[in-house]
Amino acid sequence: MRFFYFDRAIVRKPAESVVDGLRADKTAVPDFEAIRQEHSAYIAALAAASVTVEVLPPLEQYPDSMFVEDPALVFREGAILLRPGAPSRLRECDHMREVLKSHFEQLLELGCGDERVDGGDVLVTPDAVVIGLTRRTNRAGADALAAQLDRLGRNARIVEVPEGLLHLKTGVSLVDEETVLASPRVAETGIFSGFRVVAVLAEEEAASNALRINDTIFVGACYPRTRDLLVKQGFNVQALPVTEIAKLDAGLSCMSLRWLALAA
Ligand code: CIR
């Protein structure tokens, strides 16, 4: 099984309210039209990589709802509806339930108490689904997710994410079965000691949220040194614009849910 082979994806168009999305640096004001363009380029790139993309309509009442990775987790064998940790995002999952039911026979949920998990804290690797504990993903959520993953026949590994990273995947991506691209902060934790770790330079830390789809690794166009690093390692790399979504503390993985529907 290849962990980065996908033929289906779900994305959601940005709402105009996206400019009010959550972000650490309030002085960096994103521009709606530029976000729309980055999102269109992303959809085109997925389609060019042979992925059939379902594009959901914008949800004005949820500024961060274009980041569909956070309210759900999808696998060939089923989907899990998550419970995003930011109060303004919690109810985004209600808008994913019917969409997921239309694609997956099995739809699991986490419960309705204190459990909180953002999909950005979940990295699927060959031996385990790694769940990062952050300000968005709490222990109750991680334990509930581990139990649902067990029902899908998947192991979970719960890890502490270094303080200061929004999500686990803010600082790490799987680029092949044995290799992760990691920020220096994640690299030094040892969480991925079983992997070959390619560390990005500190000045391009956000580049570690790359996205491997089929034979291509998508990397933010504003991170040329990371692109060169991956090219030198023999990977096929394609740059995508992310300057505006980066203002919302977002990267390439967060704009889609991806899975392999057909047998590889
Ligand atoms: C948020 O803070 O929730 C959004 N502004 C960014 C979400 C990024 N999601 C992701 O990386 N999975």
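**Notes on the predicted model**

1. D121 counts as buried, at 0% relative accessibility. Here buried means under 20% relative accessible area, exposed means over 50%, and partly exposed lies in between (1.4 Å probe, protein chains only). D121 is found in the loop between β5 (107-109) and β6 (122-124). Helices (H or I, at least four residues) and strands (E, at least two) are DSSP runs, numbered from the N terminus.

2. This is a predicted model, in which local features need pLDDT of at least 70 and side-chain atom pairs count only at pLDDT 80 or more, while totals for chains, interfaces and linings use all residues. Residues are numbered from 1 along each chain as its sequence is written, and side-chain values use heavy atoms, with hydrogens and water left out.

3. On the surroundings of D121: leaving aside neighbours within four places in sequence, D121 is in contact (heavy atoms within 4.5 Å) with V130, I131, G132, T134, R136, T137, L166, H167 and L168. The side chains of D121 and T137 are joined by a polar contact of 2.6 Å. A polar contact is a pair of N or O atoms within 3.5 Å; within protein, one must be able to donate a hydrogen and the other to accept it, and residues adjacent in sequence count only if both atoms are side-chain atoms. D121 and T170 are 49 residues apart in sequence, and their C-alpha atoms are 8.3 Å apart in space.

4. On the ligand: 14 residues surround the ligand, and the closest are D64, E69, D70, R89 and C254. A residue is counted here if one of its heavy atoms lies within 4 Å of the molecule. A nitrogen atom of the ligand is 2.8 Å from an N or O atom in the side chain of D64. Backbone atoms also take part: a polar backbone atom of L22 is 2.8 Å from a nitrogen atom of the ligand, and a backbone N or O atom of L248 lies 2.8 Å from a nitrogen atom of the ligand. Of the 340 Å² of accessible area that the ligand has on its own, the protein covers 99%. Accessible areas come from the Shrake-Rupley method with a 1.4 Å probe; for residues, only the protein chains shown count as cover.

5. On strand β9 (residues 172-176): five of its five residues are buried, so β9 is largely enclosed by the rest of the structure. β9 pairs with strand β10 (residues 179-182) in the antiparallel sense over four bridges, where pairing requires that DSSP finds at least two bridges between the strands. A hairpin joins β9 to β10 through two residues, and D176 stands opposite T179 in β10.

6. On the cysteines: a search of the whole structure finds zero disulfides (pairs of cysteine sulfur atoms within 2.5 Å). C93 is in no disulfide, and the nearest cysteine sulfur, that of C112, is 11 Å away. C222 is in no disulfide either; the nearest cysteine sulfur, that of C254, is 13 Å away. C93 is buried at a relative accessible area of 3%, whereas C222 is partly exposed at 35%.

7. On backbone angles: most residues other than glycine have a negative phi. S50, in the loop between α1 and β2 (52-56), has a positive phi near 70° and counts as exposed at 58% relative accessibility. N214, in the loop between β12 (211-213) and β13 (216-220), has a positive phi of about 55° and counts as buried at 14%.

8. On H39: this residue lies in helix α1 (residues 32-48) and is buried, with a relative accessible area of 2%. Not counting residues up to four places away in sequence, H39 touches V11, R12, K13, P14, M66 and M255.
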